[in-house]
Amino acid sequence: MKARQIDTEVARLEALRRYQILDTEPEEAYDNLAQLAAFICETPISLVNFIDENRQWFKAKVGLDISEMPRSVGLSYLCQERRNVVVVPDTLADEELANNLVVTGYPYIRFYAGVPLISPKGDMLGTLCVIDQVPRQLSQKQVEALIALSRLVIDQLELRRHVTEVSQITEKLNFPDITERQKTAEALRESEERWQLALHGNNDSIWDWNLKTNEVFFSTRWKEMLGYKDHEVSNGWDEWIQRIHPDERDSVLQAFQDHFAKKTPFYVCEYRVQCQDGSYKWILDRGQALWDALGDIVRMVGSYTDITDRKQVEEELKRQNLRSQLFAEITLKIRESLQIDEILQTTVIEVQKLLQADRVLIFQLWPDGSGTVVQEAVLPGWPVILGKNLLDICFKEEYLERYRRGRVSAIKDIESADIHPCHREFLAEFAIRANLVVPILVRESIWGLLLAHQCVAPRQWNNFETELLQQLGNQIGIALSQAQLLEKETQQSQELARSNTELEQFAYIASHDLQEPLRMVTSYLQLLERRYKNQLDANADQFITYAVDGASRMQTLINDLLNYSRVSSRGQPFIPVDCSVVLEQAIANLQIAIADSRAVVTHDTLPSVMADATQLTQVFQNLIANAIKFCRHQQPRVHIGVGSREWGVGSGEWGVGEQRSRIAREEKTTTSPSSPSSPSSPTSPSSPTQNEYLFWVRDNGIGLESQYAERIFIIFQRLHGRDKYPGTGIGLAICKKIIERHGGRIWVESKPGQGSTFYFTIPDRALKQW
């Protein structure tokens with residue numbers, strides 16, 4: 001380091017120590033400035049940072065867990081080198097900065113903006129900086145605001161130094177030595193010069209309270225800030241106190257008393273002060289009492305900072321948070337429940353509280369232009385209109401059309417508003433002086449209105465209030481739309497359930513009642529066939545044969561229809577069922593068909609499930625029977641397999657579980673190398689879910705085109721003529737109905753000439769609940 005640089009650094013450190021700021025306790029003034037910097041720049045981290053020989057010490061910090069770090073790391077050196085504002089949008093874009101320890105390690109800086117803290121004499125004391133862990137940019141206004149905040153930090157330091165010097169001078173006044181008095185007088189003169197410089201050059205206003213005379217001196221800036229002229233300001237303590245807003249007056253007096261009693265380093269308080277025009281400004285008041293050698297308070301000095309803009313921003317943030325909270329609450333109610341009355345009631349109550357309106361209501365419109373107040377929140381003393389049917393004769397069709405297009409009406413004072421006299425009279429009936437009206441739209445049709453009323457006096461509605469009601473009106477419209485859809489869906493579901501019940505009853509009754517007459521017809525036709533065969537002409541014999549065959553097929557069709565209707569109406573409760581036993585029963589029922597076709601049926605070790613044993617037997621029996629029937633002229637080969645996927649089995653693979661989910665592939669009947677094997681994983685677009693079993697029945701039959709994969713499960717749907725493949729076309733429909741009753745799904749994968757695989761699922765959770 002060059003000699004000049006060394007001298008500069010020594011002077012800088014001496015200047016920093018004169019402020020006696022290092023290693024002091026946190027102070028609200030600096031904390032507020034750091035928080036304001038983070039808020040303005042929209043960053044999670046901000047620092048008021050002072051730099052000594054070896055470290056960077058943080059007087060105030062937001063979003064950081066440490067109070068200091070070595071001087072050799074970090075990015076503050078950039079401000080010190082350039083003595084100007086430094087903005088780094090992305091540290092990783094700079095090869096040198098990318099290797100800095102605060103970039104590669106905590107706090108992982110990606111964005112940095114710093115302003116050097118330079119004293120009035122030009123010494124660089126530290127930085128005010130904002131930091132983020134993602135890249136970002138600052139607007140010009142944000143940079144300017146950051147610079148202004150850095151000046152306030154310097155003002156705080158200067159105030160601290162000035163108060164300390166005044167205190168030291170006061171102590172010296174008690175020394176009797178003439179030389180000391182002369183030195184003290186000289187120091188006091190210099191201090192007075194600096195004091196006058198501070199009074200005229202500081203953007204903050206300065207006050208000096210003499211507790212012995214009870215007079216308060218205010219700087220010119222204080223008077224300008226509040227709009228007073230010299231002759232309009234009294235120096236009396238009592239008048240000063242009266243300028244403080246009544247809501248904060250007691251807390252300010254208590255803060256003074258605490259400072260005096262506890263002898264805290266500083267007095268700090270935020271409150272409102274009345275301006276000359278009667279309005280109020282928010283100020284940050286900071287000061288320090290000065291004690292003499294006897295411990296009596298001699299005087300108190302301090303400063304005012306106008307924080308009205310900051311308070312307005314804070315209030316706006318508070319309102320936005322309240323609005324977000326209200327939206328979240330209403331949205332949550334919409335998701336949890338579509339009870340419209342509850343949603344509308346919550347809306348009017350919360351909006352009334354948030355806007356401090358005298359009345360908030362929801363008005364449902366009817367086709368004739370009238371409407372009903374369906375919800376209301378009103379303060380005591382004002383007319384209650386909940387449940388009333390209202391008709392404003394001035395509320396013409398053009399008004400409705402404007403609201404339908406999203407129009408918002410905001411009337412500050414109905415007495416001076418440009419509205420029709422009869423509409424003014426209508427509003428006056430309900431003591432309305434000002435109102436705010438937004439439409440509630442449901443699928444582009446107007447359902448009603450959301451209104452806020454001010455009854456006690458006129459009111460200017462601001463953008464926040466207007467936007468709040470508009471967005472809530474939209475939320476209500478969405479809730480109403482969802483409720484209407486749900487009601488319609490519920491009605492359709494109830495109608496469908498009723499229709500299905502009636503159809504099942506009709507199918508059962510019709511098929512059951514047809515049994516007896518059909519048996520009689522079949523019996524007499526068979527009697528005719530036995531007695532008169534070969535006694536009539538050839539045509540008569542053929543007609544009788546056709547009639548007997550038709551009656552027999554009708555009997556089969558009615559039996560199948562009866563079985564289909566009984567799936568739901570005559571189903572048995574689910575109990576633990578061993579699928580191996582069920583399959584053995586199905587194979588036994590098909591023994592003749594298996595023997596006649598020389599079919600080879602193999603299967604895996606099957607699990608136990610919660611099911612209706614009779615119906616599950618019917619599923620296996622129908623699927624195996626179809627596999628045997630649709631096999632053309634080759635030897636049928638059928639394999640029944642199973643797999644499961646339990647919780648924790650990885651990445652959608654069909655895993656191996658305990659006894660119930662293990663695929664043993666132990667074939668209990670004769671097998672051959674050409675037997676169809678179980679697939680390791682289904683390829684159907686109907687992805688299986690967790691905790692269910694997947695069964696399949698694979699054959700080497702004729703197969704089918706993929707376009708018919710869904711059609712074959714529809715009742716009475718056939719792909720082949722009865723002369724080629726007999727049947728009623730109801731077997732797969734029964735399988736589908738049984739599987740769906742068990743909470744599963746069924747589908748087929750097949751290609752012509754390559755056989756078919758029928759898949760179906762049975763939930764495993766039922767057995768676990770058992």
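**View 1. Tyr 524, out in the open.** At 55% relative accessibility, Tyr 524 counts as exposed, because the cut-off for that label is over 50%. Keep in mind that this is a predicted model. Tyr 524 belongs to helix H15, which covers residues 463–532. Val 548 comes 24 residues away from Tyr 524 in sequence, and the C-alpha atoms of the two are 9.2 Å apart.

**View 2. The buried face of helix H14.** Helix H14 (residues 421–428) has Cys 422, His 423, Phe 426 and Leu 427 as its buried residues. Looking down the axis of H14, you find them within an arc of 140 degrees, so they line one face of the helix. What do the buried residues of H14 pack against? Their partners are strand S14 (389–390) and strand S16 (434–442).

**View 3. A five-stranded open sheet.** The strand order here is S8-S7-S11-S10-S9, with antiparallel pairing. Strand S8 (215–218) and strand S9 (267–274) sit at the edges with a single partner strand each, so one side of each has no neighbour in the sheet. From one strand to the next, the twist averages 25 degrees. Zoom in on S10 (residues 280–291) and S11 (residues 297–306), and you'll see an antiparallel pair joined over nine bridges. One of the bridge contacts links Trp 291 to Ile 297 in S11.

**View 4. Helix H10 across the sheet.** Helix H10 (residues 246–262) lies across strand S7 (205–210), S9, S10 and S11. Relative to S9, H10 runs at about 155 degrees.

**View 5. Two buried cysteines.** Cys 455 is buried at 5% relative accessibility, while Cys 735 is buried with a relative accessible area of 0%. As for disulfides, the count is zero, taking sulfur atoms within 2.5 Å as the rule.

Definitions and conventions
Residues are numbered from 1 along each chain as its sequence is written. This is a predicted model: local features need pLDDT of at least 70, side-chain atom pairs count only at pLDDT 80 or more; totals for chains, interfaces and linings use all residues. Side-chain values use heavy atoms; hydrogens and water are left out. Buried means under 20% relative accessible area, exposed over 50%, partly exposed in between (1.4 Å probe, protein chains only). Helices (H or I, at least four residues) and strands (E, at least two) are DSSP runs, numbered from the N terminus. The arc is that of the directions from the helix axis to the C-beta atoms. Contact means heavy atoms within 4.5 Å. Two strands pair if DSSP finds at least two bridges between them. Axes are lines fitted to C-alpha atoms, for helices over the stretch in contact, and angles run from 0 to 180 degrees between N-to-C directions.
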